[in-house]
Structure formats: structure tokens, C-alpha cells
Amino acid sequence: MERTDPHESEQVTRAPADFRLDTKLAQAGNRRDPATGAISPPVYYSTAYAHPALGQSTGYDYTRTGNPTRQILEETIADLEQGVRGFAFASGMAAISTVFGLLRPGDHLVASNDLYGGTYRLLQQVLGRIGIEAAYVDTGDLAAVERAIQPNTKALFIETPSNPTMKITDIAACAALARTHGVWTVVDNTFMTPYFQQPLALGADIVVHSATKYLGGHNDVMAGLIVVRDDTLAEQIGFLQNSIGAVLGPQDAWLLLRGMKTLALRMARHEQNSLAIADWLRAHPSVEKVYYPGLADHPRRDIHVRQARGFGGMIAFEVKDSTQIAHILASVKLISFAESLGGVETLLTYPARQTHADIPQDIREQCGVTERLLRLSVGIEDAGDLLRDLDQAFSIQ
Ligand SMILES: *Cc1c(COP(=O)(O)O)cnc(C)c1O
């Protein structure tokens with residue numbers, strides 16, 4: 001079938017590839033509708049697209065296969081992550097499930113041992129059932145990764161910094177090792193976003209995002225993204241996206257694009273506030289331990305600084321006495337006790353009972369997710385207001 005890409009028209013001037021990320025983000029979706037000159041791209045709700053003639057297509061036929069609004073988002077994330085193609089899904093888990101669609105029964109996967117709880121549940125309770133096995137290691141320990149690779153290992157799945165204890169994995173070293181074994185490296189880049197870290201440029205093959213978090217940024221849209229390094233993977237993921245069908249709807253694609261326009265400003269502020277809060281927590285007598293890559297003595301911080309441009313907005317901390325947990329969760333007034341991250345509002349989570357509840361207690365505790373651990377997703381409010389709220393929540397009446 002003959003296809004013409006309506007966006008390839010000569011009137012459409014794309015932002016040159018050498019613009020900085022801040023510029024690309026602010027301009028996301030602009031100059032994509034030459035017919036009207038719309039600065040904010042239109043939302044195409046149409047599920048079906050008319051064929052100009054037998055054997056011809058406008059480039060769009062049926063919205064699961066391709067939607068103009070979704071395509072703008074997919075091209076934007078591909079450009080930001082320096083990949084060849086991007087794909088948008090209804091959630092982060094839908095994106096991750098689609099990546100795992102590359103695997104077959106009998107295949108094996110190596111993953112970070114303090115993986116996002118939902119990814120762990122998918123691997124254990126869904127993929128395990130169809131004969132795809134996973135081994136969990138500290139992917140920051142390259143020798144442990146190498147020992148875990150088997151002849152049937154197809155993929156290495158990493159999160160760095162990890163959730164919630166901010167363990168650092170060397171993406172370039174892992175990707176190089178995986179490549180020598182013919183293993184794909186998949187990086188869940190949700191915590192850093194392409195603004196701070198670009199795994200494909202470091203040698204990874206596939207990047208996934210829960211765009212529900214920082215990319216969307218406003219706790220109001222659920223979405224997942226995949227970006228791939230080469231055309232072969234692009235073809236395979238494209239086939240899986242269309243076959244499985246867990247695609248992102250056009251309105252949510254637009255909302256996500258709109259959120260992404262301010263990503264640069266938000267990430268800078270998340271980080272500025274987090275540095276202040278991490279220092280404050282560290283000095284607090286009730287706090288045992290603080291996990292934040294921005295702290296000077298954070299383990300493997302040198303690797304993080306080499307591969308990322310920032311430290312992000314996620315902090316985990318352990319209080320000395322577990323009886324304080326309920327008090328703190330009940331006492332915060334500005335900060336909300338809620339289970340997500342990456343939005344403009346500061347949220348406080350109790351990982352052992354929420355995000356990581358599906359991980360068996362012994363494995364959880366080995367990864368530092370104890371009954372005394374809390375996780376903060378630091379928002380973009382005034383840092384002084386956040387510190388005052390924490391201060392009153394920590395004080396025992
Ligand atoms: C939230 C999250 C996911 C899952 O994404 P959803 O959009 O909730 O489906 C995956 N990985 C990480 C690191 C996350 O924080």
C-alpha cells in the first residue's frame with residue numbers, strides 16, 4: 001500500500017536535531033498541523049481514516065495502528081531519548097508488558113532486585129505462568145549480573161536509581177556486558193526522565209517509562225512509553241503494540257504532551273527542593289538513613305554523576321523507630337499520603353505496605369524496604385513550606 005506521511009510536507013519545519021532538550025520540550029507538538037498552524041496540536045478522536053483510493057492510505061487507517069495525536073507524542077519521546085522510534089501505551093505496565101512480549105516460553109531475564117513492585121508482580125505472577133523466568137540481582141554489581149546470565153537469557157531489565165532505595169546501576173557497563181551475551185538491555189527511566197538520563201545513548205536497547213509520573217507531571221494522566229535503539233526492535237515493538245492493542249488514547253496523548261512541555265522547569269525544581277529536604281532529613285535526630293543520589297556519600301554516586309545530568313526528586317528515608325511511621329503519615333498537612341510520584345504535588349508513600357507490598361518480606365528487607373522506610377516524591381512547592389510541614393509531622397505530641 002502506498003503511504004505518504006502527512007507530516008513530511010515541505011511546509012512543516014521540524015525543530016533541528018541540535019536544539020537543547022529544554023527547547024525541544026517547550027516546542028513539543030508545535031508546527032505539526034500545517035493546515036491551520038495550530039501551536040497546540042489537535043486531538044484526533046477519529047478511529048477510522050478514509051482511503052483516498054484502492055491500495056492507498058493517508059498514513060492512517062485505524063487508530064490502534066496509528067493515530068496522528070499519538071504519533072506526535074511518539075516522535076517527541078523518540079527524539080528526546082535519542083531512539084529511532086517511540087510507542088505510547090495506556091500505562092507504564094502496558095508498555096512494560098509489551099516489551100516482555102518480545103520473550104517466549106523458556107526465555108530467561110535478569111532484573112534489578114529492587115524493581116518497581118508492579119514489574120516484579122508481572123514477572124512473577126504473569127510471565128512466570130507462561131514459562132518465562134527471572135533472576136533478581138543487585139545490577140549495580142556487574143559480576144553478579146554476569147553470573148546470573150544464562151544461555152537462555154534474553155533481556156536485562158534495570159532501574160537506576162532504583163525504587164525506593166536509589167541504588168545506582170552503571171548503564172553503559174551493563175549494556176556492554178549484555179551485548180557480549182546477545183542480551184537486550186531494557187532501562188526503566190521513569191525516575192530520571194530523558195531530561196536527566198538517556199539510556200540509549202549509553203548503549204541500552206530499549207527504554208520504558210511510566211509517563212504517569214514525571215513526564216505527565218500533574219497526577220492527572222496515566223500513560224506508558226517505549227523507545228527503541230534500532231529498526232529491528234522498532235518493527236518488533238510496532239508489531240506487538242498493534243497486536244496487543246494497549247495503546248494510549250488521543251486525549252491522553254495530548255495531555256501528556258502538554259505536561260511534557262514544562263518538564264525541564266519541573267525537574268530542576270524537584271531537584272532543588274529534594275536537595276534541601278535530603279539535607280534536612282539527614283540532620284534530623286529521628287532519621288536513621290537517607291537515600292538520595294544528590295547526597296555526597298550516596299553509594300555509587302560517581303557512576304550516577306557520569307551517566308545522568310541530575311539527581312531527581314525521589315528521596316527515601318528510614319526513621320529510627322517504626323512507631324513514628326503512623327504518626328508521620330497521619331500528621332502531614334501539606335504533603336499528601338498517597339501512592340504515586342513525579343507530580344507537582346509532594347507525596348509521601350509507605351513502600352512496605354503500598355508500592356512494594358507484593359514483594360515477599362525477606363526479599364523486600366534485603367533491598368532495604370523495611371517497615372521503617374518512607375518515600376517522598378518531592379513536588380515543586382516552596383521548599384520552606386515543605387520543611388515546615390515535615391517538621392511539624394515529625395514532632396511527637
Ligand atoms: C509507576 C511505575 C511503573 C508502572 O507504571 P504505571 O503507569 O503505573 O502503569 C513502572 N516503573 C516505575 C519505576 C514506576 O514508578
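What follows is a chat about the words used for this model.

Modeller: Quick background: this is a predicted model, where local features need pLDDT of at least 70, side-chain atom pairs count only at pLDDT 80 or more, and totals for chains, interfaces and linings use all residues. Residues are numbered from 1 along each chain as its sequence is written, and side-chain values use heavy atoms, with hydrogens and water left out.

Colleague: Why is Thr63 called buried?

Modeller: Buried means under 20% relative accessible area, exposed over 50%, and partly exposed in between (1.4 Å probe, protein chains only). Thr63 has 18% relative accessibility, so it counts as buried.

Colleague: What does Thr63 touch?

Modeller: Contact means heavy atoms within 4.5 Å. Leaving out residues up to four places away in sequence, Thr63 touches Ser46, Thr47 and Arg70.

Colleague: What makes the pairing of the Thr63 and Asn67 side chains a polar contact?

Modeller: A polar contact is a pair of N or O atoms within 3.5 Å; within protein, one must be able to donate a hydrogen and the other to accept it, and residues adjacent in sequence count only if both atoms are side-chain atoms. The Thr63 and Asn67 side chains make one at 3.0 Å.

Colleague: Where does Thr63 sit?

Modeller: In the loop between β2 (56-57) and α2 (68-80). Those labels are DSSP runs numbered from the N terminus: helices are H or I with at least four residues, strands are E with at least two.

Colleague: Which residues of helix α6 are buried?

Modeller: In α6 (residues 171-180), they are Ile171, Cys174, Ala175, Leu177 and Ala178. They cover an arc of only 165° around the axis, so they are on the same side of α6. The arc is that of the directions from the helix axis to the C-beta atoms.

Colleague: What do the buried residues of α6 pack against?

Modeller: Against α5 (142-148), β6 (153-159), β7 (184-188) and α11 (301-307).

Colleague: And what caps the N-terminal end of α6?

Modeller: Asp170 does, with a side-chain oxygen 3.3 Å from the backbone nitrogen of Ala172.

Colleague: How do you know that β6 and β7 pair?

Modeller: Two strands pair if DSSP finds at least two bridges between them. Five bridges join β6 to β7, and the two run parallel.

Colleague: Why is β7 called largely enclosed?

Modeller: Because four of its five residues are buried, the rest of the structure largely encloses β7.
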